[in-house]
Amino acid sequence: MSLLALDGPAVDGNLYTWLTGLAQRAPSRLDGLVTAWSTYGLALFAVLMVLAWWRARASAEAARTAMALAAPLVVVAAFLVDTGIKSVFREQRPCQTLHTVTLEACPPLGDWSFPSNHAAIAAAAATALWLTDRRLAAIAVPAALLMAFSRVWVGAHYPHDVALGLAVGALVAWLLTRTARRATPLVQRLGTSPLRPLVAPR
């Protein structure tokens, strides 16, 4: 463990073990749904970003289209920042440190826990959507919170891992998505080029 790493059990280890214990006592159908969401739920954010682009394109609002087109790159940037933080802190997974029984197989040593990539990706997508399309964000924001919760429920992360993951994803996405508005002139130029279908209806 890095000298910079948080002492996970000291921060919220009790909350982690309480939640994973609750998961062990929960109905198997509920656990199956949460586990499936934890594993595959990020695909929903990809679908929502495609819908945001399609709706922005149809609106013919150049600034909105610029932000919608930037959303996937924003999410990738948030993932890279989050992964960079992981490489600095190098905190072991709670299932490795506390040796609890978890719904998800415990990742191997060296697969760092702090902060959560899943939470960062979900928060980045939700934030980008919040700035681009509030109707879709009404789905994305609670979905991101549910993703963060699910990562603790299945035993993959401490609560502080997902909390920071949400914060990192939201901050990176807020800054980059607002910056993407500066590409509005480029979107306007694309609207008069052969690439018009990318930014506006025919």
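Analyst: The model is predicted.

User: What makes the contact of Arg-151 and Glu-104 a salt bridge?

Analyst: The criterion is a side-chain nitrogen of Lys or Arg within 4 Å of a carboxyl oxygen of Asp or Glu. The N to O distance for Arg-151 and Glu-104 is 3.0 Å, so the pair qualifies. Arg-151 lies in helix α7 and Glu-104 in the loop between α5 and α6, 47 residues apart. Arg-151 itself counts as buried, at 5% relative accessibility.

User: How do you know that Asp-133 and Arg-55 form a salt bridge, and which parts of the chain does the pair tie together?

Analyst: Their side chains meet at 2.5 Å, N to O, and the limit is 4 Å, so the term applies. Because Asp-133 is in the loop between α6 and α7 and Arg-55 is in helix α3, the pair ties together parts 78 residues apart in sequence. With 3% relative accessibility Asp-133 counts as buried, whereas Arg-55, at 32%, counts as partly exposed.

User: How many salt bridges does the structure hold, and which residues do shared partners join into one network?

Analyst: The structure holds four salt bridges. Those that share partners join Arg-55, Arg-64 and Asp-133 into one network. Another salt bridge is formed by Asp-111 and Arg-93, whose closest N and O atoms are 2.9 Å apart. Asp-111 is in the loop between α5 and α6 and Arg-93 in the loop between α4 and α5.

User: What makes Phe-89 and Phe-114 an aromatic pair, and why is the pair called edge-to-face?

Analyst: The ring centres are 5.0 Å apart and the limit is 6.5 Å, so the rings pair. Phe-89 belongs to helix α4, and Phe-114 to the loop between α5 and α6. The structure holds five aromatic pairs.

User: Are Phe-89 and Phe-114 buried or partly exposed?

Analyst: The cut-off for buried is under 20%. Phe-114, at 6%, is therefore buried, while Phe-89, at 22%, is partly exposed.

User: Why is Pro-115 called buried, and which residues does Pro-115 touch?

Analyst: Pro-115 has a relative accessible area of 0%, and buried means under 20%, so the term holds. Pro-115 lies in the loop between α5 and α6. Leaving aside residues up to four places away in sequence, Pro-115 touches Asp-82, Ile-85, Lys-86, His-157, Asp-161, Leu-164 and Gly-165.

User: Which residues touch the most other members of the largest nonpolar core, and which helix gives the most to this core?

Analyst: This core has 29 residues, of which Phe-45, Val-75, Leu-129 and Ala-140 touch the most other members. Helices α3, α4, α6, α7 and α8 each supply at least two residues, and α6 gives the most, with eight. Val-75 touches Met-49, Ile-121, Ala-124 and Ala-125, not counting residues up to four places away in sequence. Apart from this core lies another, of ten residues, among them Tyr-16, Ala-123, Ala-148 and Val-162.

Conventions:
Residues numbered from 1 in each chain as written. Predicted model: local features only at pLDDT ≥ 70, side-chain atom pairs only at ≥ 80, totals over all residues. Heavy atoms only, no water. Core = buried A, V, L, I, M, F, W, Y, C linked by side-chain atoms within 4.5 Å. Buried < 20%, exposed > 50% of the residue type's maximum accessible area, 1.4 Å probe, protein only. Helix = DSSP H or I, 4+ residues; strand = E, 2+ residues; numbered from the N terminus. Contact = heavy atoms within 4.5 Å. Phe/Tyr/Trp six-rings, centres within 6.5 Å; stacked < 30°, edge-to-face > 60°.
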